[in-house]
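Look over the sequence and model first.

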Amino acid sequence: MDYLAPLSQDPDYTELPQEQRERVYRLLLAISHVPEDASVTKPGGVLDILSASTGMARDTVQRLWYDWDRSHDWRVLADKRSLRKAAAAREGCRSPRFRAWALTMLESNQRSTRRAIDAIHRIFRFGGTVVPGFEQWDYSSGRIPAGVSESSLRRIAKDHRHEMMIARQGYKAAASHRLPVLSTRVGMMPGQVYQCDDMDHDCYVQVGTQQVRIIEFAAVDYASGCRFHWGCTPKVRRETDGKKQGLTQKMYMMFMAYILRYIGFHKDGVQLVMERATASLPTEIVELLEGAGLGITVRTGGLQGARQKKVGGYTARPGGNPRGKGSIEQSHNPAHNITADLPGQTGKDRQHSPERLWGVLKSQEGVEKLRTALMDAGRNDLAEGLQNHILTYNQYLEIATMRYALWNNRHDHELEGWGKNTRLEYQVQPGDWRTPAELTENGKYPLSPLLVDSAKRNPGLVRERKMSPKEVWEAGHRDFARIPLWLYVEMIRSEKHFGKRVKVYGGLITVQDKYVSDDKLHYLAEVDCEGKRVTLQEGQEVWCVLNPYALETLVILDEAGRILGEAPQYVRASPLDREATWELVGKVDSINTRRAAMQRARYEQEGMRVEAINEHNRAIAEEGGVYGRRAPKSSLTPAQKGMATRLAHSVGDEIDVLDLPAAPAPQPVPELPDDPDINIDDIIF
């Protein structure tokens with residue numbers, strides 16, 4: 001017989017505590033499997049079956065079985081105290097029905113719990129509806145029943161503060177009251193998980209005539225906690241439509257393409273954690289990356305908002321879950337803090353915005369108007385001398401770059417799971433601590449025995465410190481894998497935004513893109529394709545793909561869209577920078593020498609023929625005693641000289657110099673003097 005089916009419909013059973021419901025259920029399940037003709041007390045009988053099935057003592061099972069056999073009422077199997085409490089809870093302030101109704105009333109007032117309690121008390125005093133659990137109450141008595149006081153209702157609100165915040169504000173606001181999902185970096189290596197996000201800088205800067213904020217793309221390595229790559233742009237208001245120019249998904253694709261191609265990732269693969277808005281990749285790019293066989297996976301946080309419909313009937317505005325990429329979200333706050341002393345601060349939100357910010361921006365607008373007036377009057381010298389109230393965009397970038405570097409190199413951090421990421425340091429002089437690698441030039445020489453012995457005798461001369469995020473990152477990214485060039489091109493090429501069709505002129509490819517740089521960018525017309533160097537022909541038309549995050553290289557494609565390779569940037573040098581100038585001179589000389597190598601190879605035999613003639617004439621001059629200092633001097637190596645001599649002896653007197661065709665003389669590479677008089681304009685564009 002099925003004794004379990006009626007339980008779900010019995011309110012006495014559903015209101016029992018969970019422990020008692022499980023006890024009754026196990027006993028009824030065991031009783032339903034007892035054979036009808038089974039003995040009660042004999043071995044293998046009813047008592048043994050029930051005791052083995054429920055794990056209860058034989059004496060307890062015997063008492064429960066006889067009570068059940070007399071009444072066949074499941075209540076005899078439950079604890080009597082639990083039954084009495086359940087019966088009492090069906091009515092009054094302890095009733096679950098009343099508590100649910102009261103909680104709904106408290107949640108209905110979005111701002112004030114006190115006003116919601118007043119509404120509950122008015123119902124009990126003057127009526128208007130029947131409160132669950134108080135069906136017999138006299139709603140015209142003007143009284144409040146016992147157990148429904150303000151303190152009792154506030155206890156209900158306190159016990160369910162998470163649910164109340166969900167109903168009043170939403171799931172996002174109630175996230176701080178949820179149990180967190182903890183993660184650890186223990187056992188992880190740099191390059192295995194990258195978390196990426198965009199961030200608005202809380203500071204105004206001057207760009208042209210506008211005072212704007214800056215928006216940044218950033219990437220954080222989870223294992224090292226290093227903010228290893230970032231790029232930003234000012235949110236300038238466009239003159240065409242008046243809208244602010246911010247970061248786009250296309251820019252994020254360029255950003256990620258640079259990371260995967262030129263920085264790399266762990267050789268076993270990488271998990272890219274990103275959002276679903278601007279800092280995200282299109283579906284087709286995600287499929288390309290995950291299908292390339294490089295171990296790349298892309299994970300995005302879920303959108304919150306739809307589940308709000310279950311509490312209140314309406315959906316919330318979709319938004320990402322910041323806890324899905326907690327490492328980079330937590331790094332935003334230090335990024336704001338290290339630049340919080342710069343002028344033009346906006347504050348972390350509107351409630352914390354400095355009141356003087358309005359005056360700062362108005363004063364800067366006045367400076368820009370004065371600068372414009374001076375420039376219109378032709379006094380550019382005076383306009384350049386005006387001082388700003390806020391930093392320019394380039395000034396801010398210079399400071400932010402320096403402070404990001406200092407932040408990545410910090411040692412006084414509390415990063416979770418840091419474990420054995422420590423280093424020993426020796427004090428070589430007061431305040432000067434050095435690692436063994438610094439003292440031995442990265443292991444080229446053994447550590448000084450005198451220093452080791454001194455450290456043993458004076459423990460204060462050696463210490464163990466935490467490695468910085470930058471040190472952990474650099475130690476792990478040396479053998480990173482990288483995406484192939486074809487995949488990089490698929491991520492960044494776009495004819496509308498970043499593609500250019502250009503011609504090779506003067507051995508260079510010149511590209512100009514106002515979005516990337518106001519100046520022209522020059523690249524050598526030599527591409528590197530899988531280790532092979534190919535020189536592009538003069539006047540050849542090519543299709544180039546430019547990444548604003550990787551200006552040091554230019555991807556070159558032919559007319560059919562086939563990848564030819566990568567061309568290196570041809571960087572300008574300042575005439576005042578002697579070292580950079582001579583470095584550029586050396587590069588130019590090396591390139592010209594390499595380009596002339598084929599021509600020199602073609603004329604090598606001709607040069608040897610000319611030298612053979614010279615050797616023949618020199619031998620005749622020596623025989624006639626007229627050989628002098630002004631005779632042609634050989635430029636051949638000993639091996640070449642011997643070959644030329646044998647060639648001269650083989651032709652003997654049969655050679656008539658006048659009958660020989662004229663041959664161009666070899667052009668040796670000129671040697672630069674120690675202090676040359678060189679025209680910089682001849683080597684710098």
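Contact here means heavy atoms within 4.5 Å. The model is predicted. By that cut-off, Met 491 touches Lys 250, Met 253, Met 256, Ala 257, Leu 260, Ile 285, Leu 289 and Ile 483, leaving aside residues up to four places away in sequence.

Met 491 also belongs to the largest nonpolar core, which has 45 residues. Within this core, Met 491 is among the residues that touch the most other members, along with Tyr 194, Tyr 252, Met 256, Leu 272, Leu 281 and Leu 289. Helix H10, residues 249–263, contributes most to the core: eleven residues. A second core is separate and has 22 residues, including Val 24, Leu 28, Leu 64 and Trp 68.

## Helices H7 and H8

How do H7 and H8 pack, at what angle and how far apart are their axes? Helix H7 (residues 113–126) packs on helix H8 (residues 150–159) at about 125 degrees, and the axes lie 10 Å apart. H7 is therefore oblique to H8. The crossing is right-handed.

From H7, Thr 113, Arg 114, Ile 117, Ile 120 and His 121 take part. They meet Glu 150, Leu 153, Arg 154 and Ala 157 of H8. The contact counts four nonpolar, two polar and three charged residues.

## A loop residue

Where is Arg 356 found? Arg 356 is in the loop between helix H12 (326–337) and helix H13 (357–376). Its relative accessible area is 65%, so Arg 356 is exposed; the cut-off for exposed is over 50%.

Arg 356 and Gln 345 are eleven residues apart in sequence. Their C-alpha atoms are 9.6 Å apart in space.

Methods. Residues are numbered from 1 along each chain as its sequence is written. This is a predicted model: local features need pLDDT of at least 70, side-chain atom pairs count only at pLDDT 80 or more; totals for chains, interfaces and linings use all residues. Side-chain values use heavy atoms; hydrogens and water are left out. A nonpolar core is a set of buried Ala, Val, Leu, Ile, Met, Phe, Trp, Tyr and Cys residues joined through side-chain atoms within 4.5 Å. Buried means under 20% relative accessible area, exposed over 50%, partly exposed in between (1.4 Å probe, protein chains only). Helices (H or I, at least four residues) and strands (E, at least two) are DSSP runs, numbered from the N terminus. Axes are lines fitted to C-alpha atoms, for helices over the stretch in contact, and angles run from 0 to 180 degrees between N-to-C directions. Angles under 35 degrees count as roughly parallel, over 145 as roughly antiparallel, 65 to 115 as roughly perpendicular and the rest as oblique. A crossing is left-handed if the near helix is turned anticlockwise from the far one by less than a right angle, and right-handed if clockwise. Ala, Val, Leu, Ile, Met, Phe, Trp, Tyr, Cys and Pro count as nonpolar, Asp, Glu, Lys and Arg as charged, and the others, Gly among them, as polar.
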